[in-house]
Every structure is written in C-alpha cells, then in structure tokens.
Amino acid sequence: MGPVTLTLLILVLAVLAFMSNRIPLGVVAIGVSLSLFLTGLLDLDQALAGFSDPTVIFIATLFVVGEALDSTGVTAWAGQQVLTHGGGGRRSLLVVIGVLVAVLTALISVNGAVAALLPIVVVVAARAGIAPSQMLMPLAFSAHAGSMLALTGTPVNIIVSEAAADAGARRFGFIEFAAVGVPLLVGTLAVVVLLGHRLLPERAPTSLPQDLGELAETLRTQYAIPVGKELVGLERGVAEVLVPPRSPLIGTHLFPGMATPSGDLVVLAVHRGGEDLRDPEDVLRTGDTLVLSGAWDKLAQHTSGEEVLVVDDPGVLRRSVPLGRAARRATGVLLVMVLLLATGLVPAVVAGLLAATAVVLTGVLSPHQAYRSVSWTTVVLVAGMIPLSTAFVVTGTADVIAAALLDLVGTGSAHLALLAVCLLTMVLGQLISNTATVLIMAPIATVVAADLDVSVLPFLMALAVSGAASFLTPVATPANTMVLEPGGYRFGDYWRLGLPLLLLFLGVAVLYVPLVWRF
C-alpha cells in the first residue's frame with residue numbers, strides 16, 4: 001500500500017471516528033499521530049511535532065485569558081448590558097445579543113462566549129415573553145460569525161494564519177479578519193432578524209440553565225439567612241456544600257456564626273434532613289448540608305478537597321457577579337495582549353504566554369484555575385491533527401487531491417477552484433470538528449493555489465470562513481450542542497436557519513474574499 005493510500009486511509013478512519021461521537025476527540029487525534037508514525041509515514045519527531053507547535057501553545061493561552069475575563073465578572077457585566085439596552089422587542093434583543101456574543105467571541109472564543117451568555121439569554125427571553133428557541137440558535141450562529149472578527153476568535157484563524165506563513169506568504173493581522181468578519185456578522189444578524197421568526201420553532205425547552213442571579217436569594221430563603229447579610233458581592237461569596245462519608249468534618253461542632261477549622265470561612269447555616277441544626281452541642285454527620293461564606297479564593301480552595309462535596313460551585317456563582325475585584329486587572333491584561341497582537345511587536349504565542357502568565361502573577365487566577373481553564377480536548381485535537389497536515393504534504397497526498405479537484409473544475413478559473421475547496425470544507429465541517437477540517441484542508445488549499453499560480457491568501461481566508469459555517473447540525477460545534485436542550489431543538493431544526501447562513505458564508509468566501517485578498 002503506497003504512502004498516499006495509507007494517508008487517505010488514516011484520514012477516512014479518523015473522519016469515521018469523529019462522526020461516530022463514541023470515541024473522545026483527543027483519543028482520535030492521538031490515534032492519528034500514532035498511526036502516522038507506526039505506518040512509517042512520519043518519523044517520531046514529525047508525528048509528535050504538534051504538541052510543541054507554537055499554534056497549539058497560543059490556543060492554550062487564550063483559554064486562560066478567557067477564564068480570567070469570565071471568572072472576574074467581565075462577561076457577566078457584558079451580559080447585563082443586554083438587560084439594560086436590549087429593549088423588549090424580539091428584533092432589538094436579537095441584534096444586541098448578536099453583537100455582544102460576536103464581540104466576546106472575538107476575544108474569548110465561540111464556546112466560551114456562548115457558555116457565558118446562554119443563561120443570561122434564557123432569562124432575557126423569559127422576561128420578554130419570547131420562547132428560548134427563538135433566541136438561542138441565533139446566539140450560537142452569531143458567535144460563529146463573530147469568530148471571524150479577530151485572530152483570537154477561533155483556533156481556525158490561528159491555523160490559517162500560520163499556514164499562510166508556511167506557504168511563503170504572510171500571516172494575517174490580528175484585526176485583518178474583521179474585513180470579512182464584519183460583513184458576515186451584519187449578514188448573519190439580517191438573516192436572523194428577518195427570517196428567524198419563521199425558520200425557528202416555537203418550542204418549550206427540555207431543560208434550562210440555572211439562573212445564577214437568583215441562586216443567592218434561593219439559598220437565603222431555603223436556609224433562613226437574615227436579609228441584612230450580604231451573600232454575594234465583589235469580594236465575598238457563598239457555597240452550598242454537603243458533608244460526604246469519611247469527611248474529616250464528621251464529629252466536629254459547627255453552627256451558624258462559627259468559623260470553619262481553617263478560620264477562612266464562616267458558617268451561615270447548617271441543615272440536617274431539611275431542618276436547621278442550631279444546637280452548639282450537635283456534631284456534623286454524613287449528609288448534613290452547610291452554607292459557607294468567605295472570600296472567593298478561599299471558597300474555591302476549601303471546597304475543592306475531600307472535606308465537602310459542592311452542591312453549587314462557588315466558581316460558577318462568582319461568574320454572576322459583574323466586574324469583580326480583579327476585573328480591571330483581567331481587562332488590562334487583555335488590552336495589552338490585543339495591543340501586542342495588533343502591532344506585531346512580538347510573535348502571537350509570546351503575546352499569549354505573557355498574558356497567561358500575567359493573570360496568574362497579578363492574582364486574577366490561581367495556577368490551578370489557569371491549568372483547569374484550558375480546554376485540553378481542543379489542545380490535543382489540534383496537536384494530534386497537525387501531523388496529518390504534515391503527512392498530506394510529505395507524502396504528496398495534498399498534490400493528488402488538489403490535482404483531482406482541478407481536473408474536476410478545470411484550471412481556467414480560480415473562483416471555481418475556490419468554490420470547490422469551500423464546498424468540500426463546509427461538507428466536512430458539518431460532520432466533524434471545524435478545527436480538524438481546516439487542518440485537513442489547509443495543505444490542499446495551499447497546493448491548489450500554487451498549481452494555479454495565484455496568491456494563497458484568498459484560499460486560506462476563504463477556508464477560515466468556510467470552517468466557521470458549521471450551521472447544519474447540532475454536532476458541528478460544541479456551541480451548537482450547548483443550545484440544543486435549553487432551546488428545545490431537534491436535529492432537523494438546525495438546517496432550516498443554518499442553510500441560508502451557509503449560503504451567505506459561501507457567497508462571502510467565494511465572491512467577496514477575493515476582492516479583499518486578490519488572487
């Protein structure tokens with residue numbers, strides 16, 4: 001079996017594994033790297049090169065910076081602006097939500113922005129008397145458009161920028177993506193506002209995210225905590241915890257008003273079987289519940305061990321507090337990182353590492369929080385699939401596919417070749433991760449551009465646009481999956497609104513992109 005056939009076989013098996021949704025994405029990606037080495041297509045250094053690639057490291061740092069904004073309440077503050085400025089009408093709310101999620105996506109990624117705003121949008125929809133199904137899919141799809149506003153919007157942008165440099169062209173600038181991102185966002189909002197009401201279902205959700213804004217008051221009522229006692233603020237918060245079996249707290253005396261053994265937290269309430277436990281002579285037993293108050297970092301520290309089981313994660317509750325104590329530091333770090341990326345004073349990975357280090361050194365995040373914030377699935381996925389891109393080049397597979405594609409559409413029109421590349425990318429992007437899709441398609445697009453003797457820049461920018469057009473299925477991206485149950489959607493609901501948007505993205509990729517980045 002020749003190297004091209006082996007490479008294509010590994011690709012087909014990887015795509016089938018991705019589509020099955022039964023094998024973790026990271027496992028598939030690692031399996032790809034190992035297969036390329038074990039079949040002799042790549043040597044060991046080439047097969048593992050993705051795990052030391054600057055692109056992968058930069059992507060990891062963006063998760064840390066995004067967590068800094070989220071945990072300090074910057075995204076909660078942004079979400080509150082929807083309540084303040086969104087108005088009561090469906091159209092005005094859709095525009096405000098779409099613009100907000102797009103801007104957040106450009107800074108903290110699609111998944112982070114959608115996850116942060118999803119509970120807020122559900123609350124806004126309920127207060128406006130609008131079904132969540134009319135709001136949540138537009139939230140996810142607007143985030144896809146927003147991913148094209150800046151380099152940091154999605155790992156795909158970073159991948160195509162590095163691919164351009166590897167092809168002998170230049171990297172795309174930090175804000176350069178906005179030249180195509182702004183038209184995509186405007187077009188997406190127009191489709192959502194004008195057609196969304198008819199293309200989206202009016203359906204009750206199967207599940208709703210927790211309203212974090214009401215959680216503190218729920219705890220106050222359930223545990224009869226005095227009204228004058230502030231539960232959640234910029235500096236302090238609360239946590240509801242359960243005493244598990246074999247906890248070292250079993251047998252200790254804890255009652256309301258008493259400090260915990262560490263001295264860092266105060267007990268606000270103790271319940272056993274739903275009843276107050278206020279007798280100082282009583283000792284804790286397995287199953288007792290407590291409400292603890294303290295500084296946010298101390299709550300996180302003392303509720304992450306074996307002493308208690310957390311009912312409501314204080315880290316999640318903290319996100320509902322707008323502009324917490326470290327918000328200015330987190331925002332300052334973000335602005336410096338954007339400045340470094342926009343000016344190109346240092347390589348992108350250096351800017352990301354400086355920002356990630358800064359949020360730890362300034363106390364915005366603890367080292368543990370920083371490590372935990374990284375989506376290791378995404379990191380391993382990109383690292384494991386980069387060697388497949390390398391194999392496409394080394395074995396000549398990209399040349400074979402590019403030649404077949406050009407035989408099909410001819411060499412007389414770069415636009416036709418671009419259309420073929422974009423269509424293939426969009427089809428794959430509905431079935432597997434758009435990040436994996438772009439890693440597979442990038443070397444093919446590069447070879448097609450070289451064979452046509454035209455600039456690779458429009459091909460790679462169009463590839464990024466096509467990768468963002470993951471609209472037709474709920475499994476195309478994690479953001480699509482996030483809104484499935486809260487919106488009460490079914491599998492077939494996505495293509496109705498998704499198809500007009502996919503055609504919009506296809507038109508922009510094939511017709512508009514070459515006007516800005518010339519062949």
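**Briefing: salt bridges, a strand pairing and a pocket**

Arg 171 and Glu 162 form a salt bridge, with their closest N and O atoms 3.0 Å apart. A salt bridge here is a side-chain nitrogen of Lys or Arg within 4 Å of a carboxyl oxygen of Asp or Glu. This is a predicted model, where local features need pLDDT of at least 70, side-chain atom pairs count only at pLDDT 80 or more, and totals for chains, interfaces and linings use all residues. Residues are numbered from 1 along each chain as its sequence is written, and side-chain values use heavy atoms, with hydrogens and water left out.

**Overall make-up**

- The chain has 23 helices and 5 strands. Helices (H or I, at least four residues) and strands (E, at least two) are DSSP runs, numbered from the N terminus.
- Of the 519 residues in the chain, 53% are buried. Buried means under 20% relative accessible area, exposed over 50%, and partly exposed in between (1.4 Å probe, protein chains only).
- Among contacts between residues at least 6 apart in sequence, 76% join residues at least 24 apart. A contact means heavy atoms within 4.5 Å.

**Salt bridges**

- The structure holds 3 salt bridges.
- Glu 162, the partner of Arg 171, is partly exposed at 21% relative accessible area.
- Arg 170 pairs with Glu 176, and their closest N and O atoms are 2.8 Å apart. Arg 170 is partly exposed, with a relative accessible area of 38%.
- Asp 288 and Arg 272 meet through their side chains at 3.0 Å, N to O. Asp 288 lies in the loop between E3 and E4 and Arg 272 in strand E2, so this pair ties together parts that are 16 residues apart in sequence.
- Asp 288 counts as buried, at 1% relative accessibility. Arg 272 counts as partly exposed, at 21%.

**Strand E2 and its partners**

- E2 pairs with strand E4 (residues 289-295) in the antiparallel sense, over 5 bridges. Two strands pair if DSSP finds at least two bridges between them.
- Val 267 has Leu 292 in E4 as its bridge partner.
- E2 also pairs with strand E3 (residues 275-276), antiparallel, over 2 bridges. Here Arg 272 stands opposite Glu 275 in E3.
- The hairpin of E2 and E3 has 2 residues between the strands, and Gly 273 takes a positive phi near 60° there.

**Second largest pocket**

- The second largest pocket holds about 500 Å³ of space. A pocket is an open set of points on a 1 Å grid over the protein atoms alone, where a 1.4 Å probe fits, with protein on both sides within 12 Å along at least five of seven lines; lining residues have an atom within 4 Å of a point. Grid points are joined across faces, edges and corners, and a volume is the space filled by probe spheres set on the points.
- Its lining has 21 residues, and those closest to the centre are Glu 162, Ala 163, Asp 166, Ser 389 and Thr 390.
- Helices H4 (54-71), H9 (155-166), H17 (376-394), H18 (397-409) and H20 (434-452) each supply at least two lining residues. H20 gives the largest share, 5 residues.
- The lining divides into 12 nonpolar, 5 polar and 4 charged residues. Ala, Val, Leu, Ile, Met, Phe, Trp, Tyr, Cys and Pro count as nonpolar, Asp, Glu, Lys and Arg as charged, and the others, Gly among them, as polar.
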